Amino acid sequence: MDILTPNDFGSERVYSVAEFNRFVDEILSQDLYRVRGEVSGYKVIQNRWVTFDLKDEESKLSCFLSVYQLSEPITDGMEIIAVGSPGVYVPFGRYTFRVKNVQLVGEGALRRAFELTKRKLAAEGLFDEQFKKQPLRIPETIGLITSEDAAAYTDVLRILKNRWSQLTIYFYHVQVQGERSPLQITEVLDWFNRYQPVDVIILTRGGGSLEDLQSFNSEAVCRAVFASRIPVISAVGHERDVTLVDFVADVRASTPSNAAEIAVPDRREVLEHVRVLERDMLVFLQKHTEEAKQQARHILNRLRFAMNQRLVYFQELSHRIAVSVRILARRLEFFQTSLADWRKRSVRAFQGKYEVVQEHVHTLNKHLEYLHPKFPLRRGFSITRTSAGKVIRSAREVRISQEIMTEFQHGAVQSRVRKIFKNGHVGHQKE
Amino acid sequence: MSEKKMTLRESLHKLESIAEELESDTLDLEKGLEKYEQGLRLAKEVEKRLQTVDNRVKKIQKSFEQEA
């Protein structure tokens, strides 16, 4: 890129001040440069613009950027590398450095930044227990975010293979350090949440210096982990390496291998558990069978007892009936005997009476004889009748010369009436 | 429900729930026998699966957007 010098134009061209400043600004701001220095006079204006001076022992550079471009927290005294382009702020004609990106340099700066970010995120509640999600005990899909060159990658896969089966592991390679690392990690976390919702995500890398681990301490990555609906297991380096991501993650693992151990169960343990369940099920079944048998026995006994009761009852009943029958039979016998007896006596009595009655009848017969109308005939009386046969009782019943019949004990005569004597009888004739 | 169609996780959960059912007091003996057999089948299936080594690794090939 040619740098125009005033000589090219000679002394012909005359600029206005603004023109000239703009011209110089254009020249200066063609490229990006990296400048390292110490931050001083750090100021935030109206919550939108940031100004500070970058200085070293000899000189200083006035820097300018917007708050949104600030990817790391910086304060006075920090050693940083400012990436940007020089230029001229035209209204004031002032030489300035427009910062595009800031990188922290040196342990000191990194540690300061770490503390600042930690305090800030803690205050916002990103580290709070209540937001942490418990991953499923048995996942079927796992998202793995790490560098494929890292030992962490092989460690995780190996442990997963040892411990569990039937997994689908979605591996997304990212840079785990360097400038592009935070952005890549946040993009991948977002991608998993949006397009491949696995059961759990493992975000991991091996150990390293504070500078190496920088992206795992960055605000952007922490916020992305916090925002993830999928539970995130973080595993950075070794036990003693703690990054801010570890505070935000749903579960913190001490090493990549540990992350795999947390993510899936141990197949041997589960196998043992299944065998125990098998035994238990058998025991339970046997218990139930035994209980059922007991119940059946119990019911059978009760049934037997009840049947027995019935049997006894009926035996008693039949016994009582037999007794009753016997009594009845005896009574019947007695009754029959009495009846026979009574008959005998009755017959005797009757016979006795009969003789008496016979006598009586005989007497009556005799009486009857006497009372027979013809009996008086034996005594000399006679019966006189009209020729019609009607018995004449009184003299008034006849007329003179009537023909009458008179019956005697033996025979009868027919006569004619000569005289009638109204009162008196034959013995005395009265005229 | 064929055990073949269930995932490992589902099979395990089903197995645990069957064991719980068998433990409970209110169990019909005939159903209990059925459940036991089902549980045993499941257990064997799960054991078999647990002994396989068949994790799949799918590498995502998407590229990242360049920084501005």
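In what sense, parallel or antiparallel, do strand 7 of chain A and strand 1 of chain B pair, and over how many bridges? In this predicted model, strand 7 of chain A pairs with residues 56–59 of chain B, which form strand 1 of that chain, in the parallel sense and over four bridges.

## Pairing across the chains

Within strand 1 of chain B, Lys59(B) is the residue that stands opposite Phe171(A).

## The side of chain A that touches chain B

The contact draws on 30 residues from chain A and 31 residues from chain B. On the chain A side, at least two residues each are supplied by helix 4 (151–163), strand 7 (168–173), helix 5 (181–195) and helix 9 (267–371). Of these elements, helix 9 of chain A gives the largest share of the side that touches chain B, namely 13 residues. Sorted by class, this side of chain A is made up of 17 nonpolar, six polar and seven charged residues.

## The barrel of chain A

Chain A also holds a closed barrel of five strands, which runs in the order 1-2-3-5-4 with mixed pairing. Between neighbouring strands of this sheet the turn is 50° on average, direction ignored.

Within the barrel order 1-2-3-5-4, strand 2 (residues 49–55) and strand 3 (residues 60–66) of chain A pair over seven bridges in the antiparallel sense, and Lys60(A) in strand 3 is the bridge partner of Lys55(A). Helix 3 of chain A, spanning residues 106–124, packs on the sheet, where it touches strand 4 (79–89) and strand 5 (94–104) of chain A, and the direction of helix 3 makes about 90° with that of strand 4.

Key
Residues are numbered from 1 along each chain as its sequence is written. Chains are lettered from A and ligands numbered from 1 in the order in which they are written. This is a predicted model: local features need pLDDT of at least 70, side-chain atom pairs count only at pLDDT 80 or more; totals for chains, interfaces and linings use all residues. Two strands pair if DSSP finds at least two bridges between them. Axes are lines fitted to C-alpha atoms, for helices over the stretch in contact, and angles run from 0 to 180 degrees between N-to-C directions. Two residues are in contact if their C-beta atoms, placed from the backbone, lie within 7 Å. Ala, Val, Leu, Ile, Met, Phe, Trp, Tyr, Cys and Pro count as nonpolar, Asp, Glu, Lys and Arg as charged, and the others, Gly among them, as polar.
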